[in-house]
Amino acid sequence: MTLNDLPRRTPAIVESVNDQSPNDNIARRLRELGFVAGEQVEIVAEGPMGGEPLLVQVGFTRFALRRAEASRVQLRGPEAGA
């Protein structure tokens, strides 16, 4: 399951961030922001009509992500959260 697929207000645990190419700057930046293995994440809100951006909480920090960015974050699943 990816972060893009996670239902709103359902905690899950980050498994990895997938690189789409060598030296993937977006994946590297996501890891720098805290999307690392073992961190709890949750989608707090979505844009209008389930669109963009997604308001994502990782740890105690919130970020706005596009769905394409969220699809790079692989999760263990909602049952692994909280």
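Me: Is Phe-63 buried or exposed?
Reply: Phe-63 has 17% relative accessibility and therefore counts as buried; buried means under 20% relative accessible area, exposed over 50%, and partly exposed in between, with a 1.4 Å probe and protein chains only. This is a predicted model, in which local features need pLDDT of at least 70 and side-chain atom pairs count only at pLDDT 80 or more, while totals for chains, interfaces and linings use all residues. Residues are numbered from 1 along each chain as its sequence is written, and side-chain values use heavy atoms, with hydrogens and water left out.

Me: How many aromatic pairs are there?
Reply: The count comes to one aromatic pair, where rings of Phe, Tyr and Trp (its six-membered ring) pair if their centres lie within 6.5 Å, and planes under 30 degrees apart count as stacked, over 60 as edge-to-face and the rest as tilted. Phe-35 and Phe-63 form this tilted pair, at 5.9 Å centre to centre with 50° between the planes.

Me: Where do the two residues sit?
Reply: Phe-35 lies in the loop between helix H1 (25-33) and E2, and Phe-63 in strand E4 (residues 61-65), 28 residues apart. Helices (H or I, at least four residues) and strands (E, at least two) are DSSP runs, numbered from the N terminus.

Me: Changing topic, which sense does the pairing of E2 and E3 take?
Reply: E2 (residues 40-47) and E3 (residues 51-58) pair in the antiparallel sense over six bridges; two strands pair if DSSP finds at least two bridges between them. Val-41 stands opposite Val-58 in E3.
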